[in-house]
Amino acid sequence: MHKHGNLLIKVGLSSLVFTASMVATTSASISASEAQSSITKIAQVNPSTTTNSVGGPLAKELQGKPVVVDVFATWCAGCKNIAPTLSQLKQEYSGKVNFVVLDVTDKAKLQETEAKAEKLGLGKFLEANKSKTSTVAIVDPATGNILALYKNNPNKADYTKILEAALANN
């Protein structure tokens, strides 16, 4: 009886170790594919999975030009990754596009940002995305429709394509 008990314990432990290693391998595979997809464009927003609007038209001061909304934090590695791209876009589209940074670095900044977002018509967007740093949305200010939504995407061409189309429609 004692020998059978030890054998059952060994088989049980082996199964547990095998299961744990399979879970770890599967998690690593998922993480790698998720990391790759987070660098690419998330969506021309899919209404079945996310909202395709910030909740309505944006503030009067943002009207007439597409709006690039950046959810930012100083501690965010993804934000640092996309910063050079956003800086280039700001230079290239100066006077043609409005850029809004929603800084969620800490509680104090978040309180300031929440007030700013409400004033600009971006309160609902901030509420839905304040924990999603390195998210960048391109918004039609007249309708509040999100034209594109990116997560940690440093590819300038993706932004340029949407901005050029939005500018052509103005």
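Q: Over which residues does pLDDT stay under 50?
A: This is a predicted model, and pLDDT is the predictor's confidence in each residue, from 0 to 100. Here pLDDT stays under 50 over residues 11-50. The model has 28 contacts beyond four places in sequence for that stretch.

Q: And what is the mean pLDDT of the protein chain?
A: The mean for the protein chain is 80, and 70% of its residues reach 70 or more.

Q: Let's move on to a helix. How many residues does helix H3 have, and how far does H3 reach?
A: H3 covers residues 107-120, which makes 14 residues. From its first C-alpha to its last, H3 reaches 20 Å, close to the 20 Å expected at 1.5 Å a residue.

Q: Which residues of H3 are buried?
A: An α-helix has 3.6 residues a turn, so residues three or four places apart point the same way. In this structure, the buried residues of H3 are Leu110, Thr113, Ala117 and Leu120. Looking down the axis of H3, you find these buried residues within an arc of 90°, so they line one face of the helix.

Q: Which residues are exposed on the other side of H3?
A: Gln111, Glu112, Glu118 and Lys119 are exposed there.

Q: What covers the buried residues of H3?
A: The cover includes strand E3 (98-103) and helix H4 (123-129).

Q: How should I read the two ends of H3? Which residue caps the N-terminal end?
A: Aspartate 106 is the cap: one of its side-chain oxygens lies 3.2 Å from the backbone nitrogen of alanine 108. Just after H3, glycine 121 takes a positive phi of about 85°.

Q: Where is threonine 105, and is threonine 105 buried or exposed?
A: Threonine 105 sits in the loop between E3 and H3. The cut-off for buried is under 20% relative accessible area. Threonine 105 has 17% relative accessibility, so this residue counts as buried.

Q: Which residues does threonine 105 touch?
A: Leaving out residues up to four places away in sequence, threonine 105 touches Phe72, Ala73, Thr74 and Trp75. A polar atom of its side chain lies 3.0 Å from the backbone nitrogen of threonine 74. The side chain of threonine 105 also makes a polar contact with the side chain of aspartate 103, at 2.5 Å. You can compare distance in sequence with distance in space, too: threonine 105 and valine 71 are 34 residues apart in sequence, and their C-alpha atoms are 9.6 Å apart.

Q: Where is asparagine 129, and which residues does asparagine 129 touch?
A: Asparagine 129 is in helix H4. Its relative accessibility is 8%, so asparagine 129 counts as buried. Beyond four places in sequence, asparagine 129 touches Val71 and Thr135.

Q: Now a strand. Where is valine 136, and what is its relative accessible area?
A: Valine 136 belongs to strand E4 (residues 135-139). Its relative accessible area is 0%, so valine 136 is buried. Not counting residues up to four places away in sequence, valine 136 touches Val68, Val69, Asp70, Ile82, Leu86, Ala148, Leu149, Tyr150 and Tyr159. Valine 136 and tyrosine 159 are 23 residues apart in sequence, yet 9.4 Å apart in space, C-alpha to C-alpha.

Q: Tyrosine 159 makes me curious about helix H5. Which residues of H5 are buried?
A: They are Tyr159, Thr160, Ile162, Leu163 and Ala166. H5 runs over residues 156-169 and has 14 residues. The helix reaches 20 Å from its first C-alpha to its last, close to the 20 Å expected at 1.5 Å a residue.

Q: How do I read phi? What is the value for serine 134?
A: Most residues other than glycine have a negative phi, and most peptide bonds are trans. Serine 134 has a phi near 70°, a positive value in a residue other than glycine. Serine 134 lies in the loop between H4 and E4, and at 3% relative accessibility serine 134 counts as buried.

Q: And what is phi of asparagine 152?
A: Phi of asparagine 152 is near 50°, again positive in a residue other than glycine. Asparagine 152 lies in the loop between strand E5 (146-151) and H5. With a relative accessible area of 16%, asparagine 152 is buried.

How values were computed: Residues numbered from 1 in each chain as written. Heavy atoms only, no water. Helix = DSSP H or I, 4+ residues; strand = E, 2+ residues; numbered from the N terminus. Expected span 1.5 Å × (residues − 1). Buried < 20%, exposed > 50% of the residue type's maximum accessible area, 1.4 Å probe, protein only. Arc of directions from axis to C-beta. Contact = heavy atoms within 4.5 Å. Polar contact = N/O pair within 3.5 Å; in protein donor to acceptor, adjacent residues only side chain to side chain.
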